[in-house]
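Let's take a look at how the inside of this protein model is packed. Have the sequence and the 3D view ready, and follow along.

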Amino acid sequence: MNRKVKISHWGLLFFLLSIGLQGQTLSLDSCLQWARQNYPSIKQLDLIAQSENYSVSNVRKAYLPQFQLAGQATYQSDVTSLPIQIPNMNIPELSKGQYRVYGELNQSLTALFTTSGKEDLTRAQMAVQDKQVQVELFKIRERVIQLYFGIMLLEIQEDQLQLTRSDLEARQKEMQAALDNGIITSVDLAQIKAEMLKLDQKQIDLRSMDKAYRAMFSQMIGRSAQNAQFEKPNNREQAVEINRPELQLFGQQQRAIDLQRDLVDQQKLPQISLFFQGGYGRPALNMLNNDFDLYYIGGLRLQWNFSSFYTAGNQKKILKLEHSKVSAQQESFVYQTQLQLAQELADLERLDSVMSKDLSLLELQEEILESSAVQLKEGTLQTSEYLRRLNNVSRTRQDLELHRLQRLMAEYQYANTQGN
């Protein structure tokens with residue numbers, strides 16, 4: 001019994017949430033933010049940040065003294081001995097089996113000058129990964145904008161179909177009366193019915209597309225949008241510069257390459273360190289003592305690997321080629337983006353011209369409608385004809401609204417292409 005009550009409570013909660021979602025109004029800015037938060041790749045940003053902290057922490061540990069513990073047991077074919085004999089003195093002979101266990105503490109001095117460069121490189125490499133995710137997240141913006149405006153455009157197109165249906169229904173009544181009076185044949189009426197069926201097909205297509213668009217949109221933003229209302233966004237101002245995350249990615253890649261080039265020079269530096277070694281073994285530091293004993297030694301150590309001089313030149317050339325490669329990719333991206341912006345700008349200008357014609361046409365049709373209202377009042381114009389002219393005005397207004405929405409969509413696409 002309790003199980004049934006619990007299930008019914010969950011069902012009621014889901015029902016109430018569904019009702020709340022049905023009446024909501026969505027804004028484009030909110031949907032863009034939800035889509036970003038809902039995209040799986042956004043989880044990588046936090047993982048990259050954590051990885052950067054761990055990696056930088058590991059690099060900084062180069063400042064700390066390094067401790068190692070070692071031991072060895074050897075047997076050698078010969079040992080050091082004195083080639084003389086001293087009367088009344090027993091010179092011990094060293095054992096050929098020798099043993100040693102020791103610990104060594106090493107503090108690098110060179111690391112004090114090279115660790116900061118490695119730390120900068122680590123951060124730059126992590127920044128490249130971060131920008132790669134940002135580029136991937138930016139790509140969903142275009143899809144969200146297309147679906148958001150696509151749903152709004154479908155609503156206007158369905159309203160236009162309703163006006164066309166109103167005209168056809170009025171014409172069907174007129175032709176039915178004419179058929180009853182024997183003025184026309186049934187074939188003429190069948191043509192109107194055929195147009196009505198075509199209109200039904202278009203309406204089915206529009207509603208099917210609307211349902212599919214809303215389903216995809218719901219998946220992207222992570223919440224239901226099937227019965228939601230879409231708020232018309234404000235106009236966007238056109239920026240001057242391109243501010244795409246791809247450009248930031250190219251910049252980070254070039255910076256990482258520059259830091260790698262600096263490290264090539266640092267590899268040629270001598271490795272200078274302070275060390276202290278203490279141990280227990282046979283023999284210790286006194287080679288004439290064949291007993292196990294403690295010992296220690298400390299000082300300054302210099303190591304210089306000259307093999308890095310052989311490869312440093314080629315490594316720098318390789319990194320220079322990589323830098324040029326990234327620069328070429330950046331130039332190509334900017335070129336393609338500018339071409340796309342030119343095309344989108346031309347589309348904005350086209351829509352401006354179309355809306356100008358819409359306004360001129362609407363002005364003429366309103367004058368005709370005003371004259372038709374006088375004719376209708378005087379009885380010189382049929383009501384059906386007046387309604388047809390009224391629908392023409394409404395259709396032109398909807399065309400104007402459709403083109404305004406298309407231009408608004410083009411504004412957001414243009415701004416998105418710029419990265420603003």
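Start at Leu26. Skipping its neighbours within four places in sequence, Leu26 is in contact (heavy atoms within 4.5 Å) with Cys31, Trp34, Tyr148, Phe217, Ile221, Ala225, Ala228, Gln229, Phe230 and Glu231. A quick note: this is a predicted model, where local features need pLDDT of at least 70, side-chain atom pairs count only at pLDDT 80 or more, and totals for chains, interfaces and linings use all residues. Residues are numbered from 1 along each chain as its sequence is written, and side-chain values use heavy atoms, leaving out hydrogens and water.

Leu26 also belongs to the largest nonpolar core, which has 26 residues. Such a core is a set of buried Ala, Val, Leu, Ile, Met, Phe, Trp, Tyr and Cys residues joined through side-chain atoms within 4.5 Å; buried means under 20% relative accessible area (1.4 Å probe, protein chains only). Leu28, Phe149 and Phe230 are also among the residues with the most contacts inside it. These helices (DSSP runs of H or I, at least four residues, numbered from the N terminus) each supply at least two core residues:

| Helix | Residues |
|---|---|
| α2 | 28-38 |
| α4 | 111-180 |
| α5 | 186-221 |
| α8 | 383-418 |

The largest share, 10 residues, comes from α4. Apart from this core lies another, of 8 residues, including Val135 and Leu263.

Now for a helix pair. α2 and α4 pack with their axes (lines fitted to C-alpha atoms over the stretch in contact) 9 Å apart, at an angle of about 140 degrees on a scale from 0 to 180 degrees between N-to-C directions. Among the residues making this contact are Leu28 and Cys31 of α2, and Ile145 and Phe149 of α4.

Notes:
Buried < 20%, exposed > 50% of the residue type's maximum accessible area, 1.4 Å probe, protein only.
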